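I opened the model to look up helix faces, sheet order and the chain contacts. My entries follow.

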Amino acid sequence: MKVSKLASAVFAVVGTVLLVGSIVTGFVALNSPTRAVKPTQEANVCSQSVLRALDDGDLSKVGEYLYGKPSLGLDREPATTEGKQLWDAYRDSIAVTTGENCYGEGTNIYQTAQVTHMDIAQTLSGLDRRAGELLKETLDAQEDPAALLGEDGQIPEKLRQELRTQALRDALAEPKTVTAQITFQLIEQDGQWWALPDQAMLDILSGGLG
Amino acid sequence: MGYKPKYAASPRKREPDVIRTKPEPEKKPSRPKKAQSKAGRIFQIILTVILVPVCAFATGKLLMDMVETVGRPKAAVVVKTKDMAMLDDFDAYVEKSMAQADSGLKVSHLGLTEQTEPTEEETEPVREHYTIPEDALVAPKPNPSCYGQVDSPAEMEPILKKAKWILDGQKTYFQTNQQIYEDSFIRYYLDDSIFAVTWQEVHDDSVYTFSEIKVEDASQFRRHLADGQYGSDTQYLTTEMAETVNAVVASAGDFYRFRNFGAVVYQGETRRVEGTYAETCYIDRSGDMHFTRGGEVLTVQDVQAFVDEHDINFSLAFGPILVDNYELVEHTWYGVGEITEGYARAALCQMDSLHYIVVTANTTGPHQSIPTVAQFAKNITATGCRMAYCLDGGQTATIVMNNDLVNRPVNGQQRKMSDIIYFATAVPEGGTDNG
């Protein structure tokens, strides 16, 4: 058989196969379920960095990984000594557990983790009662409790401050914790990966207060 | 003498024998063959050996790209996190807590008595517990003055404070730092028996409408079928049915009349059981959600036994189950609801005892994505709910509060349907004003 005829035959067969293949592939693609995007190594590195910063309690560093670099107001210390004490205790209480790397769903990549942290509201509930108990103990320890009062017959501010601080310290010694699940999305922009937090993660960054 | 006729033929000369053969066809003069040059031959080989594989490869690559593009939906628009002053809020909270601690430091301690001045909690008024009779077809009318709306989550703080007693220590998914959909506002209702707050958020470029409800009694979580009876063929809009029964918040149900699917239980009685793979949700008389999975209950008798065992009031037959005892439930397939495609979605969630969220996901404004069930479930779990179950989605997905449609249904219009679930006040006079 001549080479030219052989070549023609081959082209014809290949062309037919490609035509049929493209039609079949098109139908299959239209009816097939969405395939999830696969997370890259860089996405995993970003998500692990976020979780590590969260676990370390370095919340301002977590903010640096957030998409759009929002200003969260976490780059300063709390205004009062009690606030600083509480904030430090809260950050120390954050513990992150994650069983898996980030995963793809549709066109998005997510990371899920369990975060246990101090429930500030529950921990501080009854602070007034504890302060009252401390005041009573202080007064009971005095021979003349009235000597503790100021000229106006009220408890001096310095004593109040001490009692409040001690009540807070006692509450922080037995913190109540809560576990929440966070799921944040990972987004790539200009070659860099960022985290888009969910409401649960924002709650944790803000101290879990509501 | 011989006879010779006149016209006898003269003897012909015998022609010599000739072998007759077919005439040969005329031969066309053949063109002289061009001698193929070496260069031409080489060129032909190169063309065949190189061009064919290259074309085949390029076509294959094009096909793969086509499959890739068709098989993957467009990425959703991403909304950046808003700027926040988290430590400012924290400082404010600490100041409030320290002021609260200060309130425990009373001069009355000087008397060395163990009595302390009563705290705000101790002076809470004793509140009556209201119940809606089981046979009541409609609930008491809500008090119009108990409804309200605010523009920002922070403005809900005094309302949440007033609702503290009805929340009974339970935490809400709604927080005062909630990130709401910027073109929306927050609605609420609070009286002596029910607290409801409704708002919208954006997730994965889809607008989610949440309505979080806490009731005092299980009788306030109710189901209404069209015309107040099982099997009616008439259909109504969700807003119409919500107004008929005096709902504070209502959601479209499972559209039980549209399809024969799952176990339908109403007023403690099993009415219909269809489909071996259906996952059904049941609400008991304490207001708690229960589930049966595909294949677990296949007959009316099986379902009724389950109903009797768990004191079930009514069921919802759509699904699938999204969350079961805080665990996300994954599905690769389900008989209804096109779970792997983007679709408007609706769900009922239980947060805690007598504490619920109804939620829908729709396209609204610039946000034109709608989730698969997997995406929907992922965002539902962020609420921290204990149980969650899909209701009929698509154009049926609707949430109504104060007889107003809150979410934007598919095509901007409600669809008439056969049933709703709703939450109502139990206060007979229509709610005491807590506003």
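**Entry 1: helix H6 of chain B**

I looked up the exposed side of H6(B) and found Gln301(B), Asp308(B) and Glu309(B) there; exposed means over 50% relative accessible area, buried under 20%, and partly exposed in between, with a 1.4 Å probe and protein chains only. Helices (H or I, at least four residues) and strands (E, at least two) are DSSP runs numbered from the N terminus.

I note that this is a predicted model, in which local features need pLDDT of at least 70 and side-chain atom pairs count only at pLDDT 80 or more, while totals for chains, interfaces and linings use all residues. Residues are numbered from 1 along each chain as its sequence is written, chains are lettered from A and ligands numbered from 1 in the order in which they are written, and side-chain values use heavy atoms, with hydrogens and water left out.

H6(B) spans residues 300-310, and Val303(B), Phe306(B) and Val307(B) in this helix are buried. They cover an arc of only 100° around the axis, so they lie on the same side of H6(B); the arc is taken over the directions from the helix axis to the C-beta atoms. Among the elements that cover these buried residues I listed strands S7 (262-266), S8 (269-274) and S11 (312-316) of chain B. Asp311(B) follows H6(B) and has a positive phi, near 55°.

**Entry 2: strand S3 of chain B**

How many of the 10 residues of S3(B) are buried? I found 9, which means that this strand (residues 194-203) is largely enclosed by the rest of the structure.

I then checked its partners, where two strands pair if DSSP finds at least two bridges between them. S2(B), residues 186-190, runs antiparallel to S3(B) with 4 bridges, and Tyr189(B) stands opposite Ala196(B). A hairpin of 3 residues joins S2(B) to S3(B). S4(B), residues 206-215, is also antiparallel to S3(B), through 10 bridges; here Trp199(B) faces Phe210(B) as its opposite residue. The hairpin between S3(B) and S4(B) has 2 residues between the strands, and Asp204(B) in the turn has a positive phi of about 50°.

**Entry 3: the sheet of chain B**

I traced an open sheet of 9 strands in the order S1-S2-S3-S4-S15-S14-S16-S12-S13, with antiparallel pairing. S1 (147-150) and S13 (327-328) of chain B are at the edges with a single partner strand each, so one side of each has no neighbour in the sheet. S12(B), residues 321-324, and S16(B), residues 387-391, run antiparallel and are joined by 3 bridges, with Ile321(B) opposite Tyr389(B).

**Entry 4: chain A and the interface**

In chain A I counted 8 helices and 5 strands. Of its 210 residues, 41% are buried.

For the interface, I took contact as heavy atoms within 4.5 Å: 69 residues of chain A are in contact with 60 residues of chain B. The two chains bury about 5700 Å² between them, 65% of it on carbon and sulfur atoms; this is the accessible area (1.4 Å probe) that two parts lose on being put together, summed over both.

The interface has 4 salt bridges, each a side-chain nitrogen of Lys or Arg within 4 Å of a carboxyl oxygen of Asp or Glu. One of them links Arg164(A) to Asp102(B), with the closest N and O atoms 2.7 Å apart. Helix H6 of chain A (residues 127-140) gives the largest share of the side of chain A that touches chain B, 9 residues.
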